[in-house]
Amino acid sequence: KILNVESPIDTLFKLYPLEWMSREELGAYFESNDTPKTQLVEPSWKLIMANKAILAYLWELYPNHPNLLPAYFTDSYLFD
């Protein structure tokens, strides 16, 4: 046993993909069908990176940057 874990994990702070966690030794403690579902807590920085509005914001800050594609909050740029 790892860390003398005897019971299922109720809450887990997720720092890397769930697929990787399930393959690890502790994966059996949060993925069992006979136990309650494990609550996964996502880091707040992932919310920012998952939001597509960040692309438009970055384009406003750094227009024509070689590592960015054009992105806008509205479609008004189409009618200029």
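Q: How many salt bridges does the structure hold, and what makes a contact a salt bridge?
A: This predicted model holds two salt bridges. The term needs a side-chain nitrogen of Lys or Arg within 4 Å of a carboxyl oxygen of Asp or Glu.

Q: Why is the contact between Glu42 and Lys14 called a salt bridge?
A: The closest N and O atoms are 3.4 Å apart. That value is within 4 Å, so the pair counts. Glu42 lies in the loop between strand S2 (39-41) and helix H2 (44-50). Lys14 lies in the loop between strand S1 (11-13) and helix H1 (18-23), 28 residues apart from Glu42. Helices (H or I, at least four residues) and strands (E, at least two) are DSSP runs, numbered from the N terminus.

Q: What makes Lys46 a partner of Glu42?
A: Their closest N and O atoms are 2.9 Å apart, within 4 Å, so this is a salt bridge.

Q: Why is Lys14 called buried?
A: Its relative accessible area is 14%. Buried means under 20%, exposed over 50%, partly exposed in between (1.4 Å probe, protein chains only), so Lys14 is buried. Glu42, at 38%, is partly exposed.

Q: Why is the aromatic pair of Tyr16 and Trp20 called tilted?
A: The centres lie 5.7 Å apart, with 40° between the planes. Rings of Phe, Tyr and Trp (its six-membered ring) pair within 6.5 Å; planes under 30 degrees apart are stacked, over 60 edge-to-face, the rest tilted. So this pair is tilted.

Residues are numbered from 1 along each chain as its sequence is written. Local features need pLDDT of at least 70, side-chain atom pairs 80 or more, totals for chains, interfaces and linings use all residues, and side-chain values use heavy atoms, without hydrogens and water.
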